[in-house]
Amino acid sequence: MMRRSMALAGLLGAVAVLLTAGILAAWMWPEKNISAQESSMKQGSVSQGLEESSRLEESLQQADSIPLKAEPDVAADYSGWAQAENGNWFYYRTGEKATGWIQLGTVWYLLSDNGAMQTGWQWYAGNWYYMDNSGAMRTGWVNDSSKWYYMDCSGAMMKGFIHDGNGWYYLDAEGVWQENYTDAEVTSSGRMIRIENGVAYVDGILIANKKYPLPKDYAPGRLTDEVQAALAEMQQAAAADGLNLYVVSGYRSYEYQGQLYQNYVKRDGQAAADRYSARPGYSEHQTGLAFDLNSTSNSFAGTPEAKWLAAHAQEYGFIIRYPKGKENVTGYQYEPWHLRYLGKEIAQAVYDSGLCLEEYLGIASYYTNE
Ligand SMILES: [Zn+2]
(Lines give C-alpha, C1' and ligand atoms only; values in the text may rest on other atoms or scores of the structure.)
Protein backbone atom coordinates (compact mmCIF):
# COMPACT_ATOMS: atom_id res chain seq x y z
CA MET A 1 0.00 0.00 0.00
CA MET A 2 2.72 2.41 0.93
CA ARG A 3 4.62 1.69 -2.23
CA ARG A 4 1.52 2.10 -4.34
CA SER A 5 0.67 5.35 -2.59
CA MET A 6 4.15 6.67 -3.13
CA ALA A 7 3.97 5.92 -6.82
CA LEU A 8 0.60 7.59 -7.05
CA ALA A 9 1.72 10.60 -5.10
CA GLY A 10 4.66 10.99 -7.44
CA LEU A 11 2.39 10.76 -10.42
CA LEU A 12 -0.01 13.19 -8.87
CA GLY A 13 2.75 15.67 -8.25
CA ALA A 14 3.84 15.44 -11.85
CA VAL A 15 0.35 15.95 -13.11
CA ALA A 16 -0.24 18.88 -10.81
CA VAL A 17 2.76 20.59 -12.34
CA LEU A 18 1.38 20.08 -15.82
CA LEU A 19 -2.09 21.30 -15.11
CA THR A 20 -4.60 21.97 -12.44
CA ALA A 21 -6.32 18.71 -13.10
CA GLY A 22 -9.34 18.80 -10.83
CA ILE A 23 -10.33 22.31 -11.82
CA LEU A 24 -10.14 21.51 -15.47
CA ALA A 25 -12.09 18.33 -14.96
CA ALA A 26 -14.83 20.28 -13.21
CA TRP A 27 -14.64 23.00 -15.85
CA MET A 28 -15.19 20.41 -18.50
CA TRP A 29 -18.37 18.90 -17.11
CA PRO A 30 -21.61 19.89 -18.74
CA GLU A 31 -23.57 22.50 -16.85
CA LYS A 32 -26.43 20.13 -16.17
CA ASN A 33 -24.10 17.70 -14.48
CA ILE A 34 -22.55 20.36 -12.28
CA SER A 35 -25.79 21.80 -11.04
CA ALA A 36 -27.19 18.35 -10.35
CA GLN A 37 -24.19 17.57 -8.18
CA GLU A 38 -24.17 20.92 -6.53
CA SER A 39 -22.49 21.21 -3.26
CA SER A 40 -23.91 20.42 0.06
CA MET A 41 -22.27 21.12 3.38
CA LYS A 42 -19.64 18.60 4.14
CA GLN A 43 -20.75 16.03 6.65
CA GLY A 44 -19.03 13.26 8.57
CA SER A 45 -19.65 10.58 6.03
CA VAL A 46 -19.01 12.43 2.81
CA SER A 47 -16.85 9.83 1.40
CA GLN A 48 -17.46 8.78 -2.16
CA GLY A 49 -14.04 9.16 -3.68
CA LEU A 50 -12.85 7.64 -6.86
CA GLU A 51 -9.68 5.67 -6.58
CA GLU A 52 -6.88 8.16 -6.96
CA SER A 53 -5.75 6.37 -10.07
CA SER A 54 -9.03 6.58 -11.94
CA ARG A 55 -9.45 10.20 -10.90
CA LEU A 56 -6.05 10.90 -12.40
CA GLU A 57 -6.82 9.00 -15.56
CA GLU A 58 -10.01 10.93 -16.03
CA SER A 59 -8.25 14.22 -15.50
CA LEU A 60 -5.51 13.29 -17.90
CA GLN A 61 -7.94 12.30 -20.62
CA GLN A 62 -9.83 15.52 -20.28
CA ALA A 63 -6.72 17.60 -20.12
CA ASP A 64 -5.91 16.92 -23.74
CA SER A 65 -9.00 18.69 -24.93
CA ILE A 66 -8.97 21.70 -22.62
CA PRO A 67 -7.14 24.94 -23.24
CA LEU A 68 -4.98 25.86 -20.24
CA LYS A 69 -6.12 29.43 -20.32
CA ALA A 70 -9.16 29.65 -18.10
CA GLU A 71 -10.29 33.18 -17.49
CA PRO A 72 -13.92 33.11 -18.41
CA ASP A 73 -16.10 36.12 -18.63
CA VAL A 74 -18.01 36.13 -15.37
CA ALA A 75 -21.43 37.10 -16.57
CA ALA A 76 -24.46 37.34 -14.33
CA ASP A 77 -25.54 33.78 -14.99
CA TYR A 78 -22.08 32.29 -15.21
CA SER A 79 -21.45 28.90 -13.57
CA GLY A 80 -18.06 27.26 -13.24
CA TRP A 81 -14.46 27.94 -12.26
CA ALA A 82 -12.86 31.31 -12.88
CA GLN A 83 -9.36 32.48 -12.09
CA ALA A 84 -8.59 35.94 -10.76
CA GLU A 85 -5.54 37.93 -11.83
CA ASN A 86 -3.73 37.07 -8.60
CA GLY A 87 -4.09 33.38 -9.48
CA ASN A 88 -6.88 32.53 -7.06
CA TRP A 89 -9.61 30.26 -8.33
CA PHE A 90 -13.30 30.84 -7.65
CA TYR A 91 -16.35 28.76 -8.32
CA TYR A 92 -19.48 30.50 -9.53
CA ARG A 93 -23.06 29.32 -9.47
CA THR A 94 -25.23 31.46 -11.72
CA GLY A 95 -23.05 34.44 -11.02
CA GLU A 96 -22.65 33.85 -7.27
CA LYS A 97 -19.31 32.95 -5.74
CA ALA A 98 -19.50 29.66 -3.85
CA THR A 99 -17.91 29.43 -0.38
CA GLY A 100 -17.17 26.59 2.01
CA TRP A 101 -17.15 22.95 0.94
CA ILE A 102 -18.40 22.12 -2.52
CA GLN A 103 -18.55 18.75 -4.22
CA LEU A 104 -18.16 18.54 -7.99
CA GLY A 105 -18.64 15.04 -9.26
CA THR A 106 -16.85 12.99 -6.62
CA VAL A 107 -14.30 15.65 -5.72
CA TRP A 108 -14.51 17.99 -2.72
CA TYR A 109 -13.09 21.50 -2.78
CA LEU A 110 -12.81 24.02 0.04
CA LEU A 111 -13.45 27.67 -0.74
CA SER A 112 -12.64 30.44 1.71
CA ASP A 113 -15.19 32.93 3.00
CA ASN A 114 -14.44 35.16 0.02
CA GLY A 115 -14.63 32.17 -2.33
CA ALA A 116 -10.94 31.54 -3.03
CA MET A 117 -10.13 27.87 -3.66
CA GLN A 118 -7.82 26.49 -0.97
CA THR A 119 -4.80 24.25 -1.50
CA GLY A 120 -2.49 22.50 0.95
CA TRP A 121 -3.31 21.86 4.62
CA GLN A 122 -6.60 23.25 5.87
CA TRP A 123 -7.92 23.33 9.43
CA TYR A 124 -11.67 22.92 9.47
CA ALA A 125 -14.07 22.07 12.30
CA GLY A 126 -11.41 20.41 14.43
CA ASN A 127 -9.70 18.42 11.70
CA TRP A 128 -6.90 18.87 9.21
CA TYR A 129 -7.64 18.33 5.53
CA TYR A 130 -5.24 18.24 2.64
CA MET A 131 -6.22 19.84 -0.64
CA ASP A 132 -3.86 19.07 -3.51
CA ASN A 133 -2.55 21.58 -6.03
CA SER A 134 -5.74 21.32 -8.03
CA GLY A 135 -7.76 22.06 -4.89
CA ALA A 136 -9.11 18.51 -4.66
CA MET A 137 -9.53 17.11 -1.16
CA ARG A 138 -7.37 14.05 -0.66
CA THR A 139 -8.34 10.84 1.07
CA GLY A 140 -6.08 7.92 1.96
CA TRP A 141 -2.30 8.28 2.05
CA VAL A 142 -0.84 11.72 1.43
CA ASN A 143 2.84 12.51 1.12
CA ASP A 144 3.98 15.97 2.11
CA SER A 145 7.62 17.03 2.57
CA SER A 146 8.63 13.34 2.60
CA LYS A 147 6.26 12.59 5.45
CA TRP A 148 3.25 10.30 5.13
CA TYR A 149 -0.19 11.17 6.45
CA TYR A 150 -3.46 9.28 6.28
CA MET A 151 -6.73 11.03 5.57
CA ASP A 152 -9.93 9.11 6.29
CA CYS A 153 -12.68 8.76 3.70
CA SER A 154 -14.16 12.10 4.74
CA GLY A 155 -10.73 13.73 4.25
CA ALA A 156 -9.90 14.23 7.94
CA MET A 157 -6.28 13.63 8.96
CA MET A 158 -5.93 10.68 11.30
CA LYS A 159 -3.68 9.97 14.28
CA GLY A 160 -2.76 6.87 16.24
CA PHE A 161 -3.16 3.34 14.95
CA ILE A 162 -4.99 3.08 11.66
CA HIS A 163 -5.76 0.19 9.37
CA ASP A 164 -5.87 1.16 5.70
CA GLY A 165 -7.54 -2.05 4.59
CA ASN A 166 -4.21 -3.78 4.08
CA GLY A 167 -2.27 -3.31 7.26
CA TRP A 168 -1.70 -1.39 10.50
CA TYR A 169 0.18 1.89 10.65
CA TYR A 170 0.98 4.26 13.45
CA LEU A 171 0.55 8.02 13.02
CA ASP A 172 2.03 10.29 15.69
CA ALA A 173 0.36 13.29 17.35
CA GLU A 174 1.08 15.39 14.23
CA GLY A 175 -0.39 12.71 11.99
CA VAL A 176 3.01 11.64 10.67
CA TRP A 177 3.48 7.95 9.91
CA GLN A 178 6.06 6.31 12.15
CA GLU A 179 7.67 3.22 10.74
CA ASN A 180 7.94 0.08 12.88
CA TYR A 181 6.04 1.66 15.74
CA THR A 182 4.65 -1.09 17.91
CA ASP A 183 4.34 0.67 21.24
CA ALA A 184 1.02 1.61 22.75
CA GLU A 185 -1.22 4.53 21.87
CA VAL A 186 -3.37 6.23 24.49
CA THR A 187 -7.09 6.61 23.74
CA SER A 188 -9.20 9.65 24.54
CA SER A 189 -10.15 8.04 27.84
CA GLY A 190 -6.53 7.37 28.74
CA ARG A 191 -6.44 3.69 27.87
CA MET A 192 -3.68 1.92 25.99
CA ILE A 193 -4.07 0.58 22.47
CA ARG A 194 -1.68 -2.08 21.28
CA ILE A 195 -1.62 -4.05 18.07
CA GLU A 196 -0.52 -7.66 18.58
CA ASN A 197 -0.36 -10.08 15.69
CA GLY A 198 -2.61 -7.76 13.72
CA VAL A 199 -5.25 -7.57 16.45
CA ALA A 200 -6.09 -4.36 18.32
CA TYR A 201 -6.35 -4.47 22.12
CA VAL A 202 -7.44 -1.60 24.35
CA ASP A 203 -6.30 -2.15 27.92
CA GLY A 204 -6.08 -5.81 26.98
CA ILE A 205 -9.65 -5.94 25.60
CA LEU A 206 -9.78 -7.34 22.09
CA ILE A 207 -11.50 -4.92 19.74
CA ALA A 208 -13.26 -5.66 16.46
CA ASN A 209 -15.21 -2.76 15.05
CA LYS A 210 -15.32 -0.57 11.94
CA LYS A 211 -12.01 1.10 12.70
CA TYR A 212 -10.15 -1.86 14.19
CA PRO A 213 -10.48 -4.95 11.97
CA LEU A 214 -9.20 -8.48 12.54
CA PRO A 215 -6.71 -10.27 10.32
CA LYS A 216 -8.24 -12.58 7.76
CA ASP A 217 -6.68 -15.60 9.46
CA TYR A 218 -7.92 -14.76 12.93
CA ALA A 219 -10.09 -17.84 13.36
CA PRO A 220 -10.84 -19.29 16.81
CA GLY A 221 -13.36 -21.51 14.98
CA ARG A 222 -16.08 -21.31 17.64
CA LEU A 223 -17.08 -19.42 20.76
CA THR A 224 -14.19 -19.69 23.19
CA ASP A 225 -14.43 -22.07 26.14
CA GLU A 226 -14.63 -19.16 28.55
CA VAL A 227 -17.51 -17.63 26.59
CA GLN A 228 -19.36 -20.93 26.35
CA ALA A 229 -19.08 -21.46 30.10
CA ALA A 230 -20.34 -17.93 30.81
CA LEU A 231 -23.17 -18.37 28.31
CA ALA A 232 -24.24 -21.66 29.92
CA GLU A 233 -24.33 -19.97 33.31
CA MET A 234 -26.46 -17.14 31.91
CA GLN A 235 -28.81 -19.57 30.16
CA GLN A 236 -29.36 -21.45 33.41
CA ALA A 237 -30.17 -18.26 35.28
CA ALA A 238 -32.60 -17.19 32.55
CA ALA A 239 -34.21 -20.62 32.58
CA ALA A 240 -34.73 -20.30 36.34
CA ASP A 241 -36.71 -17.16 35.50
CA GLY A 242 -38.70 -19.12 32.92
CA LEU A 243 -36.90 -17.77 29.87
CA ASN A 244 -35.25 -19.66 27.04
CA LEU A 245 -32.06 -18.16 25.61
CA TYR A 246 -30.42 -19.79 22.62
CA VAL A 247 -27.70 -18.81 20.16
CA VAL A 248 -28.85 -18.15 16.61
CA SER A 249 -25.45 -16.95 15.38
CA GLY A 250 -22.14 -17.48 17.13
CA TYR A 251 -18.68 -17.59 15.65
CA ARG A 252 -18.37 -16.57 12.01
CA SER A 253 -15.27 -16.94 9.88
CA TYR A 254 -13.88 -14.12 7.76
CA GLU A 255 -15.09 -15.92 4.64
CA TYR A 256 -18.59 -16.56 5.93
CA GLN A 257 -18.95 -12.94 7.05
CA GLY A 258 -17.91 -11.89 3.55
CA GLN A 259 -20.70 -13.98 2.02
CA LEU A 260 -23.29 -12.62 4.45
CA TYR A 261 -22.23 -9.03 3.87
CA GLN A 262 -22.25 -9.38 0.09
CA ASN A 263 -25.75 -10.83 0.18
CA TYR A 264 -26.97 -7.90 2.29
CA VAL A 265 -25.31 -5.41 -0.05
CA LYS A 266 -27.02 -7.04 -3.01
CA ARG A 267 -30.36 -6.94 -1.23
CA ASP A 268 -30.28 -3.51 0.45
CA GLY A 269 -27.31 -1.63 -1.02
CA GLN A 270 -24.02 -0.91 0.75
CA ALA A 271 -25.07 2.10 2.83
CA ALA A 272 -27.99 0.22 4.38
CA ALA A 273 -26.00 -2.99 4.82
CA ASP A 274 -23.23 -1.13 6.66
CA ARG A 275 -25.71 -0.14 9.36
CA TYR A 276 -26.43 -3.71 10.44
CA SER A 277 -23.78 -5.95 8.92
CA ALA A 278 -20.01 -5.84 9.18
CA ARG A 279 -17.62 -6.13 6.26
CA PRO A 280 -15.40 -9.21 6.39
CA GLY A 281 -12.68 -8.74 8.99
CA TYR A 282 -14.71 -6.13 10.87
CA SER A 283 -17.27 -8.41 12.53
CA GLU A 284 -17.23 -9.08 16.23
CA HIS A 285 -18.57 -12.54 15.43
CA GLN A 286 -15.10 -13.40 14.10
CA THR A 287 -13.66 -12.97 17.59
CA GLY A 288 -15.40 -15.99 19.11
CA LEU A 289 -16.45 -13.62 21.91
CA ALA A 290 -19.81 -12.48 20.53
CA PHE A 291 -23.10 -14.05 19.52
CA ASP A 292 -26.72 -13.31 18.67
CA LEU A 293 -29.50 -14.71 20.85
CA ASN A 294 -33.03 -15.84 19.96
CA SER A 295 -33.98 -13.43 17.17
CA THR A 296 -32.22 -10.82 15.08
CA SER A 297 -35.49 -9.13 14.27
CA ASN A 298 -36.31 -5.68 15.64
CA SER A 299 -39.38 -7.21 17.26
CA PHE A 300 -37.03 -8.93 19.75
CA ALA A 301 -36.54 -5.63 21.57
CA GLY A 302 -39.74 -5.70 23.61
CA THR A 303 -39.66 -9.37 24.59
CA PRO A 304 -39.18 -10.62 28.17
CA GLU A 305 -35.92 -12.25 27.01
CA ALA A 306 -34.55 -8.95 25.68
CA LYS A 307 -35.56 -7.14 28.88
CA TRP A 308 -33.92 -9.83 31.00
CA LEU A 309 -30.69 -9.60 28.96
CA ALA A 310 -30.62 -5.82 29.24
CA ALA A 311 -30.94 -6.13 33.03
CA HIS A 312 -28.72 -9.16 33.73
CA ALA A 313 -26.24 -9.93 30.94
CA GLN A 314 -23.44 -8.02 32.70
CA GLU A 315 -23.76 -10.31 35.74
CA TYR A 316 -22.48 -13.14 33.53
CA GLY A 317 -19.75 -11.11 31.80
CA PHE A 318 -21.66 -9.85 28.75
CA ILE A 319 -22.76 -6.49 27.43
CA ILE A 320 -25.42 -5.51 24.90
CA ARG A 321 -22.79 -4.41 22.44
CA TYR A 322 -24.84 -2.07 20.23
CA PRO A 323 -27.17 -0.17 22.55
CA LYS A 324 -30.08 1.99 21.54
CA GLY A 325 -29.20 5.55 20.53
CA LYS A 326 -25.48 4.86 20.02
CA GLU A 327 -25.39 4.10 16.33
CA ASN A 328 -23.20 7.11 15.58
CA VAL A 329 -20.62 5.79 18.08
CA THR A 330 -20.73 2.01 17.64
CA GLY A 331 -21.41 2.23 13.91
CA TYR A 332 -24.38 -0.14 14.23
CA GLN A 333 -28.10 0.04 14.80
CA TYR A 334 -29.55 -1.06 18.10
CA GLU A 335 -29.12 -4.83 18.44
CA PRO A 336 -30.67 -6.09 21.68
CA TRP A 337 -29.73 -9.65 20.67
CA HIS A 338 -25.98 -9.16 20.08
CA LEU A 339 -23.87 -9.85 23.17
CA ARG A 340 -20.15 -9.44 23.65
CA TYR A 341 -18.15 -11.20 26.33
CA LEU A 342 -15.87 -9.02 28.45
CA GLY A 343 -15.70 -10.97 31.70
CA LYS A 344 -17.81 -10.11 34.73
CA GLU A 345 -15.73 -7.28 36.13
CA ILE A 346 -15.39 -5.27 32.93
CA ALA A 347 -18.92 -6.01 31.74
CA GLN A 348 -20.28 -4.72 35.03
CA ALA A 349 -18.12 -1.59 34.81
CA VAL A 350 -19.27 -0.86 31.26
CA TYR A 351 -22.87 -1.46 32.29
CA ASP A 352 -22.54 0.85 35.31
CA SER A 353 -20.99 3.57 33.16
CA GLY A 354 -24.05 3.73 30.93
CA LEU A 355 -21.68 4.02 27.99
CA CYS A 356 -21.25 1.84 24.95
CA LEU A 357 -17.92 0.05 24.67
CA GLU A 358 -16.43 2.62 22.26
CA GLU A 359 -17.25 5.47 24.64
CA TYR A 360 -16.01 3.52 27.65
CA LEU A 361 -12.66 2.81 25.98
CA GLY A 362 -12.38 6.13 24.16
CA ILE A 363 -12.14 4.73 20.65
CA ALA A 364 -13.98 5.28 17.37
CA SER A 365 -15.82 2.91 15.05
CA TYR A 366 -16.20 3.98 11.46
CA TYR A 367 -14.76 2.80 8.18
CA THR A 368 -11.76 4.99 7.46
CA ASN A 369 -11.52 3.87 3.85
CA GLU A 370 -14.26 3.11 1.38
ZN1 LIG B 1 -24.41 -10.16 16.04
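Just after helix α6, Gly269 takes a positive phi of about 90°. Helix α6 itself covers residues 254–268; helices here are DSSP runs of H or I with at least four residues, strands are runs of E with at least two, and both are numbered from the N terminus. With 15 residues, α6 reaches 21 Å from its first C-alpha to its last, close to the 21 Å expected at 1.5 Å a residue, where the expected span is 1.5 Å times one less than the number of residues.

A quick word on what you are looking at. This is a predicted model, in which local features need pLDDT of at least 70 and side-chain atom pairs count only at pLDDT 80 or more, while totals for chains, interfaces and linings use all residues. Residues are numbered from 1 along each chain as its sequence is written.

Now the overall picture. The chain has 11 helices and 20 strands. Of its 370 residues, 33% count as buried, meaning that 20 or more other C-beta atoms, placed from the backbone, lie within 10 Å of a residue's own; exposed means 12 or fewer, and partly exposed is in between.

Let's move to helix α10, residues 344–353. Which of its residues are buried? They are Ala347, Val350 and Tyr351. Seen down the axis of α10, these buried residues fall within an arc of 100°, so they line one face of the helix; that arc is taken from the directions from the helix axis to the C-beta atoms. On the other side of α10, Glu345, Asp352 and Ser353 are exposed. The cover over the buried residues includes β19 (318–322) and α11 (357–361). Just after α10, Gly354 takes a positive phi of about 75°.

Leaving out residues up to four places away in sequence, Phe318 touches Ala230, Met234, Ala313, Leu339, Arg340, Tyr341 and Ala347, with contact meaning C-beta atoms, placed from the backbone, within 7 Å. Phe318 is also among the residues with the most contacts inside the largest nonpolar core, which has 68 residues. Such a core is a set of buried Ala, Val, Leu, Ile, Met, Phe, Trp, Tyr and Cys residues joined through C-beta atoms within 7 Å.

Last stop, a sheet. Four strands form an open, antiparallel sheet in the order β13-β14-β15-β16; strands pair if DSSP finds at least two bridges between them. β13 (185–186) and β16 (205–207) stand at the edges with a single partner strand each, so one side of each is left without a neighbour in the sheet. Strand β15 (residues 199–202) pairs with β16 over three bridges, and Ala200 has Ile207 in β16 as its bridge partner.

Terms used: Contact = placed C-beta atoms within 7 Å.
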